[in-house]
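Hi,

Here is the structure I promised to pass on.

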Amino acid sequence: MLEKLRKLIENSYSPVYKYYVAAILECTNGQTFTGVNVETSSPASGICAERNALYSAIAHGYKKEDFKAIYLMNKTVEPCFPCFICRQALVDLCPENFKIITYNYDGTKTKEVTIKELCPYPFSSEDLS
Ligand SMILES: [Zn+2]
């Protein structure tokens, strides 16, 4: 997975922040979907690698119960976790035991948590009723 992430991160498009991210979402059947972050001159129109991969999986017909884990790599010294917009998407669209495995750029450091551990008190559709 590290080699795939290292190759994928080269597709990250981050001319402003120079914050490069690659994501590989793994489904329970072994199918994977890739994503990178993409910036534009209007920050709100860009997308993070995590949501890029997740929304691609959904576009291919996969659903919440099909999602197993997401592998992340940043061009950073320390492994980074998803931003809070992505955390909301992951809480809404992935099962509670969905794993987030994140690596630093050289692959020497990794962290692994479930989405439930990362967001123990999420905002959800239940809060809207
Ligand atoms: Zn994000």
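Below is what I found, one spot at a time.

First, some ground rules: this is a predicted model, so local features need pLDDT of at least 70, side-chain atom pairs count only at pLDDT 80 or more, and totals for chains, interfaces and linings use all residues. Residues are numbered from 1 along each chain as its sequence is written, and side-chain values use heavy atoms, with hydrogens and water left out.

**The zinc site**

Which residues hold the zinc ion? The protein donors are Cys-48, Cys-83 and Cys-86, each through SG, at 2.2 to 2.3 Å. Donors here are N, O and S atoms within 2.8 Å of the metal (3.2 Å for Na, K and Ca); water is not among the atoms, so sites may look incomplete. Along the chain, the donors follow the spacing C-x34-C-x2-C. Cys-86 is buried, with a relative accessible area of 1%, whereas Cys-83 is partly exposed at 29%. (Buried means under 20% relative accessible area, exposed over 50%, partly exposed in between, with a 1.4 Å probe and protein chains only.)

**The other cysteines**

How many disulfides are there? The count comes to zero, with a disulfide being a pair of cysteine sulfur atoms within 2.5 Å. Take Cys-27: its sulfur is 9.3 Å from the closest cysteine sulfur, in Cys-94, so that is too far for a bond. Cys-27 is also buried, at 1% relative accessibility.

**Glu-26**

Glu-26 sits in strand 1 (residues 21-27). (Helices, H or I and at least four residues, and strands, E and at least two, are DSSP runs numbered from the N terminus.) Glu-26 is buried but has no salt bridge, and the nearest side chain of opposite charge, Lys-68, is 4.2 Å away. A salt bridge needs a side-chain nitrogen of Lys or Arg within 4 Å of a carboxyl oxygen of Asp or Glu; Lys and Arg count as positive, Asp and Glu as negative, and His and the chain ends are not counted.

**Two helices**

In helix 2 (residues 49-59), the buried residues include Ala-53, Leu-54 and Ala-57. What covers the buried residues of this helix includes strand 1, strand 2 (32-36), strand 3 (67-74) and helix 3 (84-93); this rests on contact, meaning heavy atoms within 4.5 Å. Just after helix 2, Gly-61 takes a positive phi of about 95°.

Ile-115 is in helix 4 (residues 115-118) and is buried, at 3%. Leaving out residues up to four places away in sequence, Ile-115 touches several others, including Arg-87, Leu-90 and Phe-98.

Cheers
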